[in-house]
Amino acid sequence: MRRNFNKSERQTLYNAYFGLCAICGCKLREGFHIDHIIPWSKGGKTELSNAQPLCPSCNLKKSNRTGENMAQTWSGVTLPDWFRPREWQEEAFKIYEQKCIGGDEANFLLQACPGAGKTHFICAVIYVLQKLNYIDWAIICVPGDHLRTQFARDALEWKLDLFGTTKPCVVDDYDGEVVTYPQLDNGKSTYKQRIHSFRGRVLIIGDEIHHLSDQNSWGEGFTFAFSEARYRLFTTGTPFRSDNEKIVGEWITYEVTNRGDRVCSLNYRYGYDSAVKDGVVRPIVFPEYDGRFEYWKGDKIYQKSFEEAETHLEQSYCLQTALSIEGEWIKDIIKE
Ligand SMILES: [Zn+2]
């Protein structure tokens with residue numbers, strides 16, 4: 001939803017208020033502000049019934065009172081003033097800052113469940129690195145076409161213009177691009193060349209990284225294309241285990257558990273338990289539901305139900321599929 005009023009709305013409001021500030025009544029000058037009567041950050045809409053023209057000084061006083069325009073600063077970069085980071089986003093960024101901005105590490109693995117606000121976190125990181133002049137380009141890799149379109153659209157809120165179609169990318173006009181894993185796999189040399197032409201000053205986002213492994217071609221393509229990139233930020237919905245196949249080679253580390261399993265080391269974890277506590281998602285009671293799920297692992301499709309899933313790993317694949325927004329199962333539950 002847009003935040004700014006357009007030119008004709010400004011003119012309408014100016015006329016309706018006879019060119020005077022709605023609070024102090026002074027004469028409005030060029031560049032007068034349009035105020036959301038119910039603040040935009042509190043759900044106030046961008047429509048004439050929720051708008052009044054104010055002089056800059058009245059608007060500032062009102063903003064301070066309602067907490068509007070209290071822009072956040074991350075790593076010295078002022079974020080857009082509409083962005084109200086969640087607690088986890090701030091915490092996660094502090095760790096990111098320590099490791100990758102202050103420190104010289106390249107890779108970061110974030111676990112965040114659907115609904116946590118992962119897209120905004122990713123956009124904030126792109127935004128900060130871009131403003132710090134650490135990167136010239138960002139490539140966001142997502143599992144499917146639907147997510148590609150959605151990400152490019154959401155990023156516009158951050159004024160990040162991301163190229164997001166299957167056509168050849170026009171580098172000069174954009175801040176970066178969103179690609180699907182299959183698309184990346186088909187054009188891996190092109191992407192490698194692109195990173196090279198930016199002298200590595202690129203941030204790679206690997207979204208839902210558990211789709212990749214050393215032993216499938218998506219994983220191979222990813223590792224081949226992005227070896228020169230300065231920054232890589234990975235996200236996953238659930239911590240993944242590794243038996244013998246590793247997810248994107250050397251860029252993710254694993255810890256060995258007491259039982260001898262290898263599980264990925266997360267740099268920040270925002271799990272379902274915290275999300276339920278924060279009211280981001282509702283707890284779902286599983287025993288009442290069952291169904292069959294198709295999930296991808298490597299290049300193969302598996303079909304399983306919760307009851308058939310024998311190992312922890314299989315259960316977690318079923319759970320990921322079940323909770324995926326694109327899945328049919330969750331839609332059925334929402335309908336009920
Ligand atoms: Zn005024």
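Which residues does Lys 118 touch, not counting residues up to four places away in sequence? Hold that thought while I say what we're looking at. This is a predicted model, where local features need pLDDT of at least 70 and side-chain atom pairs count only at pLDDT 80 or more, while totals for chains, interfaces and linings use all residues. Residues are numbered from 1 along each chain as its sequence is written, and side-chain values use heavy atoms, with hydrogens and water left out.

Okay, back to the lysine. Lys 118 touches Trp 88, Leu 110, Ala 112, Asp 207, Glu 208 and Thr 235, where contact means heavy atoms within 4.5 Å. You'll find Lys 118 in helix H4, residues 118–131. Helices here are DSSP runs of H or I with at least four residues, strands are E runs of at least two, and both are numbered from the N terminus. Lys 118 is buried, with a relative accessible area of 15%. For that label, buried is under 20% relative accessible area, exposed is over 50%, and partly exposed is in between, using a 1.4 Å probe and protein chains only.

So what does the side chain of Lys 118 make a polar contact with? One partner is the side chain of Asp 207, at 3.0 Å. The side chain of Glu 208 is also joined to that of Lys 118, by a polar contact of 2.8 Å. A polar contact is a pair of N or O atoms within 3.5 Å; within protein, one must be able to donate a hydrogen and the other to accept it, and residues adjacent in sequence count only if both atoms are side-chain atoms.

Next, the zinc. Its protein donors are the SG atoms of Cys 21, Cys 24, Cys 55 and Cys 58, 2.3 to 2.4 Å from the ion. Donors are N, O and S atoms within 2.8 Å of the metal (3.2 Å for Na, K and Ca), and since water is not among the atoms, sites may look incomplete. The angles among the 4 donor atoms run from 102 to 116 degrees, and the site is tetrahedral, a label that four donors get if all angles lie between 85 and 135 degrees. Along the chain, the spacing is C-x2-C-x30-C-x2-C. Cys 24 sits in the loop between helix H1 (7–16) and strand S1 (33–36) and Cys 58 in helix H2 (residues 56–66), so this pair ties together parts 34 residues apart in sequence. Cys 24 is partly exposed at 46% relative accessibility, whereas Cys 58 is buried at 7%.

Lys 159 isn't a glycine, yet has a positive phi of about 55 degrees.

Technical notes
Four donors count as tetrahedral if all angles lie between 85 and 135 degrees; four count as square planar and six as octahedral if opposite donors are over 155 degrees apart and all others between 65 and 115; anything else is irregular.
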